[in-house]
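Okay, thanks for coming, everyone.

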Amino acid sequence: MIRPVAYVAGTGRGIPAKVMSNHDFAALGLDTDHDWIVERTGIVERHIGAPGETTMSMAATASRAAMKRADVSAGEIDAIILSTATPDRLLPSTAVDLQAELGATRAAAFDISAACSGWVYGMTIAEGLISSGVVETALVVGAEKMSAIVDWQDRASCVLFGDGAGATVLKRAATADRGILSVYMRSDGSLAELLWRPSGGAKVPYAQAVLDDRSTYVKMAGREVFKHAVRSMADACDRALDAARLTGQDIDILIPHQANVRIIEATAKHANIPMDKVYVNVDRYGNTSSASIPIALDEAIERGRVASGTTALFVAFGAGFTWGSMVVRF
Ligand code: ACO
């Protein structure tokens, strides 16, 4: 029997009110249509942050909801780990803005950059901090304003993404019956250029030339990303299940990163988990990068699909490439 070190005490989400449907792309002059997007991705609509809505503000809404569910006050949080590919600014981190906003005066706070796998990475880091004795209570957040970094002139990528945040409070496990049972993380940076923002960092800083050639926006080789996502998410499912000494049949719910329903179906099939045990909301959110799994988890709890005793498998894949997985008993 695996004795968990940390358990999920509460979850929350922060979602912009504005909904953008597939039909709304016509107004941008993009040559795309609802049927193409639904058939290739399963996406029907996504939420888009208003100008004043930031990565931090969405994170704060999600965090407050998670803290309320967990019955944890801001002063009890020892660490804030915020995953984002869309920090509100480059220095300092968005996590410190969240720390200040929440009044989490005792907390260490930092961002991590692992793209769509960021929540799984963040949960694994938090579990390690709890295991080492440094932390009792951690707030792990995935928060993304993808609408700020996608190229709204590139129909092959901008239709895929949406904005939002999901948060999780992780606490030291007092009993053996619930908590994180296994974790798995991997990366392959030799494939970074299949999904990236070529400019805008220290290597190629912002300048008129990179604004003109639009190389500060997300560039993606969709078909290649698709192939690697299916392969890596299948591998990650196997690894987390093996480490937890479980099989797909022991899993009550699979909550995968929500990028594309065809990737989700292939992952579930490989893990031998029927689709009625898979949580899917990509149709309503699009790909919210590292926010996608914690948003889905929060909805699954709200809808009674995750409850006390549920064994859940989480699996993610994203730019880097990075991928990871986790088995958690609730
Ligand atoms: N509307 C209409 N046509 C389009 C659109 C669009 N929005 N986008 C591309 N097309 C066209 C292409 O130009 C191409 O036309 P052509 O044949 O005349 O050249 C045609 O559709 C087929 O394009 P492909 O890229 O080959 O289409 P594919 O079936 O691979 O689907 C998609 C593209 C949906 C991007 C798919 O490859 C995919 O989902 N990849 C994974 C990408 C992903 O999820 N990235 C997110 C980050 S990583 C992660 O989170 C897992």
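Quick ground rules. This is a predicted model, so local features need pLDDT of at least 70 and side-chain atom pairs count only at pLDDT 80 or more, while totals for chains, interfaces and linings use all residues. Residues are numbered from 1 along each chain as its sequence is written, and side-chain values use heavy atoms, with hydrogens and water left out.

So, domains. The chain is assigned domain 1, 6-172, and domain 2, 179-329; bounds like these come from an automatic or database domain assignment. Their C-alpha centres sit 14 Å apart. Counting contact as heavy atoms within 4.5 Å, 53 residues of domain 1 touch 48 residues of domain 2.

How much area do domain 1 and domain 2 bury between them? About 4000 Å², with 60% of it on carbon and sulfur atoms. Buried area here is the accessible area, with a 1.4 Å probe, that two parts lose on being put together, summed over both. On the domain 1 side, R13, C116 and W119 lose the most area to domain 2, together 18% of what that side buries.

Now the polar side of that interface. Five salt bridges are counted between the two domains, a salt bridge being a side-chain nitrogen of Lys or Arg within 4 Å of a carboxyl oxygen of Asp or Glu. There are also 24 residue pairs in polar contact across the interface, both at pLDDT 80 or more. For that term we need a pair of N or O atoms within 3.5 Å; within protein, one must be able to donate a hydrogen and the other to accept it, and residues adjacent in sequence count only if both atoms are side-chain atoms.

Several elements of domain 1 supply at least two residues each to the side that touches domain 2, among them β1 (6-14), α4 (118-132) and β7 (163-172). Helices (H or I, at least four residues) and strands (E, at least two) are DSSP runs, numbered from the N terminus. That side of domain 1 divides into 26 nonpolar, 17 polar and 10 charged residues.

On to helix α10, residues 292-302. Is this helix mostly covered or mostly open? Mostly covered: nine of its 11 residues are buried, and those include I293, L297, D298 and E299. Buried means under 20% relative accessible area, exposed over 50%, and partly exposed in between, with a 1.4 Å probe and protein chains only. Just after α10, G304 takes a positive phi of about 75°.

Salt bridges next: the whole structure has 13. E302 pairs with R69, with the closest N and O atoms 3.8 Å apart. Because E302 is in α10 and R69 is in helix α2 (residues 55-70), this pair ties together parts that are 233 residues apart in sequence. R69 is partly exposed, at 40% relative accessible area.

Helix α7 has some local ones. E224 and K227 form a salt bridge at 3.0 Å between the closest N and O atoms, and they sit three residues apart in α7, so about one helical turn separates them. D235 and R239 meet at 3.2 Å, N to O, four residues apart in that helix, again about one turn.

Most residues other than glycine have a negative phi, and most peptide bonds are trans. R214 has a positive phi of about 60° although it is not a glycine, and it sits in the loop between α6 (208-212) and β10 (219-220). R214 also forms a salt bridge with D151, at 3.0 Å between the closest N and O atoms. R245, likewise not a glycine, has a positive phi of about 55°, and R245 is exposed, at 64%.

Which peptide bonds are cis? One joins L91 and P92, with omega about -10°, and another runs from G320 to F321, with omega near -5°. F321 lies in the loop between β12 (311-318) and β13 (322-329). That's my tour, thanks.

Note on methods
Ala, Val, Leu, Ile, Met, Phe, Trp, Tyr, Cys and Pro count as nonpolar, Asp, Glu, Lys and Arg as charged, and the others, Gly among them, as polar.
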